[in-house]
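Thanks, everyone. I'll walk through one model today, piece by piece. Please keep the picture in view.

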Amino acid sequence: MSMIAARTAQAGLVARIWNSLLENMSPESAKKILTAAIQADAMTAGQAFARQAPHGPTLEHFATILERWKEDDALTIRDVRLAASTLTFTVTDCAYARAYAGMGLNPELGFILSCARDEPFANGYSPCLSMRRSQTIMQDHPCCQFTFTWRE
C-alpha cells in the first residue's frame with residue numbers, strides 16, 4: 001500500500017479521534033496528544049527504514065525514501081540535491097493536502113497527520129540526521145522546502 005493510500009485511510013479515524021479529544025479537552029491539549037502519538041509512530045517508521053540500510057544508516061540511503069514518498073503521485077519533488085552532508089529538495093505538489101481538504105479536514109489536522117511526521121521520521125532513522133523545513137503546502141504556502149543534514 002502506498003503512503004498516500006495509508007494516510008488517507010487513517011485520516012477518517014484520526015479525524016474522529018481528534019473530534020472526540022476536542023469534546024473532552026482544550027484544543028491545545030488535543031493537539032499535543034495527537035501530535036505526540038503520530039510523531040511516535042513516525043519515529044518507529046524511521047527506525048524500521050534504518051534497519052533496511054544495507055550498511056547501516058547513511059544520508060545516501062535516507063535519500064532513497066524520496067521514491068517511496070512520491071508513489072501514486074503523492075508528492076511532486078523537484079530540485080533534489082544530495083551532497084556530502086545535506087539533502088535538499090522542494091515539494092511543489094502535495095496530494096496529501098488535496099486529499100485532506102477533499103475529506104473536509106482542517107489544515108491543522110492535515111499538518112499533524114502528515115507534515116508533523118517528517119522530522120521524527122528523520123530522527124528515528126538516525127540521531128545524525130536533522131531536518132529543516134521552512135514552509136509547507138499544507139499551511140497554504142506554494143511549496144515545501146526541505147533540508148536534511150547529516151552530522152557524525
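Let's start at one proline. Leaving out residues up to four places away in sequence, Pro 57 touches Ala 50, Tyr 125, Ser 126 and Trp 150. Contact here means heavy atoms within 4.5 Å. Pro 57 sits in the loop between α2 and α3, the latter being residues 59–63. Is Pro 57 buried, partly exposed or exposed? Its relative accessibility is 34%, so Pro 57 counts as partly exposed. The cut-offs: buried is under 20% relative accessible area, exposed is over 50%, and partly exposed is in between, with a 1.4 Å probe and protein chains only. Now take Lys 70. Pro 57 and Lys 70 are 13 residues apart in sequence, and 21 Å apart in space, C-alpha to C-alpha.

Some ground rules. This is a predicted model: local features need pLDDT of at least 70, side-chain atom pairs count only at pLDDT 80 or more, and totals for chains, interfaces and linings use all residues. Residues are numbered from 1 along each chain as its sequence is written, and side-chain values use heavy atoms, with hydrogens and water left out. Helices (H or I, at least four residues) and strands (E, at least two) are DSSP runs, numbered from the N terminus.

Now the sheet. What is the strand order? The sheet is open, has four strands, and runs β1-β2-β4-β3 with antiparallel pairing. Strands pair if DSSP finds at least two bridges between them. β1 and β3, residues 129–133, are at the edges with a single partner strand each, so one side of each has no neighbour in the sheet. From one strand to the next, the twist averages 20°.

Take the pairs in turn. β1 covers residues 75–82 and β2 covers residues 86–94; six bridges pair them in the antiparallel sense. They form a hairpin, with three residues between them. Leu 75 is opposite Cys 94 in β2. At the other end of the order, β3 and β4 (residues 144–150) run antiparallel, joined by five bridges. There, Arg 132 faces Thr 147 in β4.

Helices lie on this sheet. α7 packs on it and touches β3 and β4, and its direction makes about 165° with that of β3. α5 lies across β1 and β2, at about 35° to β2. For these angles, axes are lines fitted to C-alpha atoms, for helices over the stretch in contact, and angles run from 0 to 180 degrees between N-to-C directions.

Stay with α5, residues 95–102. Its buried residues are Ala 95, Tyr 96, Ala 97 and Tyr 100. They pack against α1 (3–24), β1, β2 and α6 (107–113). After α5 comes Gly 104, with a positive phi near 80°.

How do α1 and α5 pack? Their axes are 11 Å apart, at an angle of about 25°. So α1 is roughly parallel to α5. The cut-offs are under 35 degrees for roughly parallel, over 145 for roughly antiparallel, 65 to 115 for roughly perpendicular, and oblique for the rest. From α1, Met 3, Ile 4, Arg 7, Thr 8 and Ala 11 meet Ala 95, Tyr 96, Ala 99 and Tyr 100 of α5. That contact has seven nonpolar residues, one polar and one charged. For the classes, Ala, Val, Leu, Ile, Met, Phe, Trp, Tyr, Cys and Pro are nonpolar; Asp, Glu, Lys and Arg are charged; the others, Gly among them, are polar.

Next, α1 against α2. The angle is about 145°, with the axes 8 Å apart. Val 14, Ile 17, Trp 18, Leu 21 and Leu 22 of α1 meet Pro 27, Ala 30, Lys 31, Ile 33, Leu 34 and Ile 38 of α2. By class, that is 10 nonpolar, no polar and one charged.

α2, residues 27–51, also meets α7, residues 118–125: their axes come within 7 Å and cross at roughly 40°. That makes α2 oblique to α7. Among the contact residues are Met 43 and Phe 49 of α2, and Pro 120 and Phe 121 of α7. The contact holds eight nonpolar, five polar and no charged residues.

One last residue. Arg 117 lies in the loop between α6 and α7. Is Arg 117 buried or exposed? Its relative accessible area is 9%, so Arg 117 is buried. Not counting residues up to four places away in sequence, Arg 117 touches Arg 7, Ile 38, Asp 41, Ala 42 and Ala 45.
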